[in-house]
Amino acid sequence: MVSSTPASLSADGKPPAALAAAPPLSPSREAWRRFRKHKLAVASLVVLTLIVFCVAFGTLFWPLAINDIDFSSMLQGPSMAHPFGTDDLGQDILARMIYGGRISLAVGLAAMFVAVVVGVTIGAISGMASGRVDAALMWVTDLFLSLPQLPLLLLVIYLFREGLKSALGPEGGVFVLIVVVIGGLRWMPVARLVRAQFLSLREKEFVEAARALGASRMRLVVRHILPNALGPVIVAGTIEVANAIIAESTLSFLGLGFPPDIPTWGRVLFDAKDQLDTAPHWALFPGGAIFLAVLTINFIGDGLRDALDPRRVL
Amino acid sequence: MSPAYVLRRILLAIPSLFGISVVLFTVLALAPGDPFGELMTNPNVPASVQLALRAKFGLDDPVYIRYVHWLMAMLHGDWGFSFVSRMNVDILIMQRLPVTLAVIGASQLLAVLVAIPVGVLGAARPYSLFDQIANTLAFIGFSLPTFFTGLLLIMVFSIRLEWLPFVFQSDLSSTGWQWWVDEIRQSIMPIAVLGLFQGASLVRFVRSAVLDVIRLDYVTTARSKGIGERRVLVRHVVRNALIPVVTLVALQMPVVFGGAIITEQIFRVPGIGSLLISSILSNDTPVVMGVTFVFAGLVILFNLIADLLYGFLDPRIAFR
């Protein structure tokens with residue numbers, strides 16, 4: 001293993017004073033410096049920002065309606081009037097994708113948020129309370145890890161969809177259901193990560209010092225341990241956004257996610273899959289969008305790992 | 001590996017199976033909707049008959065008694081009747097299961113065959129050009145959702161090039177060698193989609209496992225004895241590095257099943273994955289429950305196998 005610190009400070013001939021003279025960087029600047037070294041991550045950040053921008057403000061520049069049915073121009077390839085072509089009802093695919101992209105990305109972010117909140121809570125409780133509570137919580141975590149996720153996801157959606165639809169409306173009901181279920185089935189990696197961090201951090205001297213000063217248990221966790229455990233959580237959370245986007249697209253692709261009038265990227269792909277021979281563009285654009293979003297988020301996660309996760313410095 | 005270790009592992013699997021059954025039953029019990037909902041609104045059925053029916057099927061029993069009844073029925077193989085396929089659920093699932101297992105097995109084999117050489121070679125020269133290319137391709141591989149890869153392959157190989165059929169036929173008319181050729185031709189795309197997706201995430205596991213081992217002292221010793229680099233890698237490093245990979249392959253099983261459901265659905269492979277989707281779309285609840293239960297049982301089975309293999313490959317675990 002190549003050690004990142006030289007064996008002695010003067011190993012490369014420079015006097016130690018020269019090292020001390022360099023101004024110390026703040027932790028966030030230091031992280032940004034490490035992140036920038038990951039060229040693909042930086043490129044991904046640019047691309048993802050672009051995607052988010054297009055999805056968020058796209059309707060300002062492309063004000064076509066998503067449900068403007070026009071049978072005179074159905075299944076057309078990309079043209080000036082319809083840059084991404086049209087579907088079997090003559091609806092503009094670009095407009096549909098801008099609208100659907102908001103839902104897809106929002107589901108990804110919200111499900112990540114659910115997963116991280118649940119994961120951090122369980123991991124923190126488990127890491128602070130050793131003994132029986134810890135063992136029980138870890139058993140539950142392992143149990144959830146060994147659940148077959150997609151079948152269970154499908155089962156829950158199948159059983160609860162109608163009920164929530166009538167309670168919260170078709171769009172809101174499905175959104176809440178999908179976010180909660182995806183988040184509720186993906187918190188386990190975060191919980192294990194947080195627990196492992198807590199187990200090592202709670203024995204550190206600075207926690208000891210805070211405890212000696214009379215900090216309560218809650219304060220220890222919130223002010224001292226959690227901030228130090230956050231790096232890996234941010235990395236895991238980033239990857240989780242990508243996973244949640246894939247999960248939502250999968251559900252929509254199987255025809256079990258959002259209803260047809262809410263064209264998330266997976267849903268557009270589901271509608272397109274029977275016209276692959278006559279209108280390949282219809283499938284390529286939404287599929288490409290999912291791929292690009294997931295790929296860039298994964299690369300950013302990798303870059304953040306370099307930047308924030310000190311264990312991975314090789 | 002001692003028999004006691006095997007026994008302990010098997011006993012440890014029972015609480016997991018129990019836990020999963022509780023989760024499944026809870027989902028089912030919490031779900032809105034009443035199996036007798038239609039009867040309740042039917043004016044021709046008198047209230048006394050309704051109550052008698054509810055009592056007969058135990059719908060008014062406390063939850064834990066219903067759970068025990070349900071679990072007993074599941075364990076006895078009494079999984080209910082599929083109203084869509086007009087046959088018992090367990091027979092239906094047993095008909096479809098071999099196809100799914102074949103697809104999953106073949107694609108896992110493909111994944112391992114791709115991932116191990118690439119991961120080992122990448123780790124042998126970390127940050128070399130090969131390693132960087134392999135790493136980037138791996139990222140692309142597991143960022144491509146299986147449903148999109150499947151559609152892409154159909155577009156290229158079935159529609160553009162017309163090399164491969166894109167609908168899987170379970171009743172091929174050909175016989176003899178031709179049957180094998182047709183079977184392989186129609187299996188290539190489903191297996192490739194699933195295998196390459198799995199392989200992509202496995203490459204990174206293999207790479208980091210090899211990197212963990214390659215810096216250990218015994219490897220340096222082997223090198224300093226004058227053993228060739230190739231031999232050190234194959235005989236000394238890979239053998240130990242693959243031990244954690246075995247576990248990871250088994251732990252990935254839930255993800256693989258998810259991928260198998262999608263792949264079967266795209267290529268219309270008649271396995272339990274496509275059965276699950278079609279049952280959901282046709283509201284065939286007993287089949288949905290049965291398939292989910294089978295998937296859960298398979299996951300636990302593979303975890304058990306991984307544990308046993310792990311103990312077999314690494315005796316330090318077994319005697320702890």
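Chain B and chain A bury about 4,100 Å² between them, and 83% of that is on carbon and sulfur atoms. Buried area here means the accessible area, taken with a 1.4 Å probe, that two parts lose on being put together, summed over both. The size of an interface is often given in this way, as the accessible area lost when the parts come together.

A word on the source. This is a predicted model, where local features need pLDDT of at least 70 and side-chain atom pairs count only at pLDDT 80 or more, while totals for chains, interfaces and linings use all residues. Residues are numbered from 1 along each chain as its sequence is written, chains are lettered from A and ligands numbered from 1 in the order in which they are written, and side-chain values use heavy atoms, with hydrogens and water left out.

Back to the two chains. In the interface, 50 residues of chain B are in contact with 44 residues of chain A, contact meaning heavy atoms within 4.5 Å. How many salt bridges does the rule find across the interface of chain B and chain A? It finds zero. A salt bridge here is a side-chain nitrogen of Lys or Arg within 4 Å of a carboxyl oxygen of Asp or Glu. For polar contact, the rule finds one residue pair across this interface, both at pLDDT 80 or more. A polar contact is a pair of N or O atoms within 3.5 Å; within protein, one must be able to donate a hydrogen and the other to accept it, and residues adjacent in sequence count only if both atoms are side-chain atoms.

Which parts of chain B touch chain A? Several helices each supply at least two residues to that side, among them H1 (3-30), H8 (176-214) and H13 (285-313) of chain B. H1(B) gives the most, with nine residues. By type, the residues on this side of chain B divide into 36 nonpolar, ten polar and four charged. The nonpolar group is Ala, Val, Leu, Ile, Met, Phe, Trp, Tyr, Cys and Pro; Asp, Glu, Lys and Arg count as charged, and the others, Gly among them, as polar. Helices are DSSP runs of H or I with at least four residues, numbered from the N terminus.

One residue of chain A shows the meeting of the chains. Thr250(A) lies in helix H10 (residues 217-253) of chain A. Leaving out residues up to four places away in sequence, Thr250(A) touches Leu150(A), Phe147(B) and Ile262(B). Is Thr250(A) buried or exposed? Thr250(A) counts as buried, because its relative accessibility is 5%. The cut-offs are under 20% relative accessible area for buried, over 50% for exposed, and partly exposed in between, with a 1.4 Å probe and protein chains only.

For contrast, take Ser28(A), in helix H2 (residues 27-37) of chain A. Ser28(A) has 53% relative accessibility, so it counts as exposed. Ser28(A) and Ala307(A) are 279 residues apart in sequence, and their C-alpha atoms are 9.1 Å apart in space.

Next, the inside of chain B. Chain B is divided into domain 1 (9-75) and domain 2 (95-319), with bounds from an automatic or database domain assignment. Taken over C-alpha atoms, the centres of the two domains are 37 Å apart. Their contact takes eleven residues from domain 1 and nine residues from domain 2 of chain B. The area buried between these domains is about 1,000 Å², of which carbon and sulfur atoms give 92%. On the domain 1 side, Arg9(B), Leu24(B) and Met74(B) lose the most area to domain 2, together 46% of what that side buries. Between the two domains the count is zero salt bridges.

Side chains of opposite charge can pair when their charged atoms come close. One of the salt bridges joins Arg33(A) and Glu30(A), at 2.9 Å from N to O. These two are three residues apart in helix H2 of chain A, so about one helical turn separates them. Arg33(A) is partly exposed, with a relative accessible area of 31%, and Glu30(A) is partly exposed at 23%.

Another salt bridge is between Arg192(A) and Asp142(A), with the closest N and O atoms 2.8 Å apart. This pair links distant parts of the chain: Arg192(A) is in helix H8 (residues 188-201) of chain A and Asp142(A) in helix H5 (residues 132-145) of chain A, 50 residues apart.
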